[in-house]
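Here are my notes on the model you sent over. Have it open while you read, and look up the side chains as they come up.

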Amino acid sequence: MKTLLIATALALAAAGALAQADEAMNKAGCLACHAKDKKLVGPSFKDIAARYKGQDVVARLMDKVRQGGSGSFGPIPMAPNPPDKINDADLKAAVEQILKT
């Protein structure tokens, strides 16, 4: 019984974190250029996850999002996304979620 309760609590916490990351990405405008499984203006989350699979790149990708730039997935630049657009905690959760896609 305890194991079931713990598993349920962990599942609910994970679902809450996922919803928070989705909401933060939507609010920050990420979903205007990115989608889970298809290229829009920028690469899909699946393409990003595939490129960095097995690598410890959360901090590097957070810097990339903060600074913006181009060249990683083509010539179209990504605008910088400062902390007033998406805070550090939400950005970290979003990057971690993308890498799990």
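Predicted model: local features only at pLDDT ≥ 70, side-chain atom pairs only at ≥ 80, totals over all residues.

1. One joins the side chains of Asp 88 and Arg 66, at 2.6 Å from N to O. This pair ties together distant parts of the chain, with Asp 88 in helix α4 and Arg 66 in helix α3, 22 residues apart. Arg 66 counts as buried because its relative accessibility is 17%, under the 20% cut-off. Asp 88, at 49%, is partly exposed.

2. The other bridge is between Lys 92 and Glu 96, at 3.8 Å from N to O. Both residues lie in helix α4, 4 residues apart, or about one turn of the helix. Lys 92 is partly exposed at 41% relative accessibility, and Glu 96 is partly exposed too, at 31%.

3. On rings, a search of the whole structure turns up 0 aromatic pairs.

4. Now the largest pocket, which holds about 670 Å³ of space. It is lined by 34 residues, and His 34, Pro 43, Ile 48, Val 65 and Met 78 are the closest to its centre. By class, the lining has 22 nonpolar, 9 polar and 3 charged residues.

5. Which helices supply at least two residues each to that lining? They are α1 (2-28), α2 (45-51), α3 (58-67) and α4 (88-99). The largest share, 4 residues, comes from α4.

Conventions. Residues numbered from 1 in each chain as written. Heavy atoms only, no water. Phe/Tyr/Trp six-rings, centres within 6.5 Å; stacked < 30°, edge-to-face > 60°. 1 Å grid on protein atoms, 1.4 Å probe; cavity = no way out; pocket = protein on both sides within 12 Å on 5 of 7 lines; lining within 4 Å. Points joined across faces, edges and corners; volume = space filled by probe spheres on them. Nonpolar A, V, L, I, M, F, W, Y, C, P; charged D, E, K, R; others polar. Salt bridge = Lys/Arg side-chain N within 4 Å of Asp/Glu carboxyl O. Buried < 20%, exposed > 50% of the residue type's maximum accessible area, 1.4 Å probe, protein only.
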